[in-house]
Amino acid sequence: MVLLVVDTQNLIVTPDLYEYALFNKNVSTLIATARLHNIEVIYVQHDDGIELTKGVDEFAIYHEFSPKSNEKIFIKYVNSAFRDTGLAEYLKDKGETQVMIVGLQTDYCIDATIKAGFEHHLEMIVPAYCNTTFDNEYLLGETTYHYYNEKMWNNRYAKCISFEEAISYLKQ
């Protein structure tokens with residue numbers, strides 16, 4: 001198993017996210033737990049060539065989730081962390097079959113990455129309140145979160161589990 005931390009970048013880790021404080025606490029705890037139990041933590045950063053682009057502060061990974069110098073970072077240019085990044089090949093070469101995914105945004109890059117991971121025959125594991133998003137012109141962030149985590153992904157593309165179960169997975 002690996003812990004995949006997607007798009008937790010300065011530009012979008014803001015208090016405007018649904019359940020911002022809980023998200024921050026949970027993701028920080030999962031990263032610390034994974035490291036303590038020798039589970040590889042892998043980061044993905046989105047480069048849109050505009051606001052999220054290498055060299056600007058907004059592109060950097062949020063300080064509470066900062067990678068260690070030996071942790072891998074993949075850069076993506078589309079919503080899926082698997083599209084032309086080398087991530088799928090890296091996981092296959094390591095023989096990894098389980099990916100616990102956390103990060104932003106539920107309805108964009110997390111959704112695309114979960115579905116792409118499923119297509120790569122990976123067991124995608126989604127801990128509760130470890131992904132989030134913003135309100136938009138159609139849906140509240142809360143509605144979006146519950147729709148994807150409780151209806152769209154669970155038992156289709158991913159295994160959605162409680163935060164406590166996620167901690168147990170990482171300790172095994």
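I started with Cys 109, which is buried at a relative accessible area of 5%. The model is predicted, and I kept that in mind throughout. I then looked for disulfides and the count came to 0. For Cys 109, the nearest cysteine sulfur belongs to Cys 130 and is 17 Å away. A disulfide needs the two sulfur atoms within 2.5 Å. Cys 130 is in no disulfide either; its nearest cysteine sulfur, that of Cys 160, is 11 Å away. Cys 130 is buried too, with 0% relative accessibility.

**Cores.** Next I checked the largest nonpolar core, which has 30 residues. Leu 3, Leu 30 and Met 100 touch the most other members. Strands S1, S2 and S4 and helices H1 and H5 each give two or more residues to this core. H1 gives the largest share, 6 residues. I followed Leu 30 beyond its neighbours within four places in sequence. Its contacts include Leu 3, Met 100, Cys 130, Phe 163 and Leu 170. A second, separate core holds 24 residues, among them Val 6, Ile 42, Val 126 and Tyr 148.

**Helix H4.** Which residues of H4 (residues 141-152) are buried? I found Gly 141, Thr 144, Tyr 145, Tyr 148, Asn 149 and Met 152. Down the axis of H4 these buried residues fall within an arc of 125°, so they line one face of the helix.

Note on methods:
Residues numbered from 1 in each chain as written. Predicted model: local features only at pLDDT ≥ 70, side-chain atom pairs only at ≥ 80, totals over all residues. Heavy atoms only, no water. Buried < 20%, exposed > 50% of the residue type's maximum accessible area, 1.4 Å probe, protein only. Helix = DSSP H or I, 4+ residues; strand = E, 2+ residues; numbered from the N terminus. Arc of directions from axis to C-beta. Core = buried A, V, L, I, M, F, W, Y, C linked by side-chain atoms within 4.5 Å. Contact = heavy atoms within 4.5 Å.
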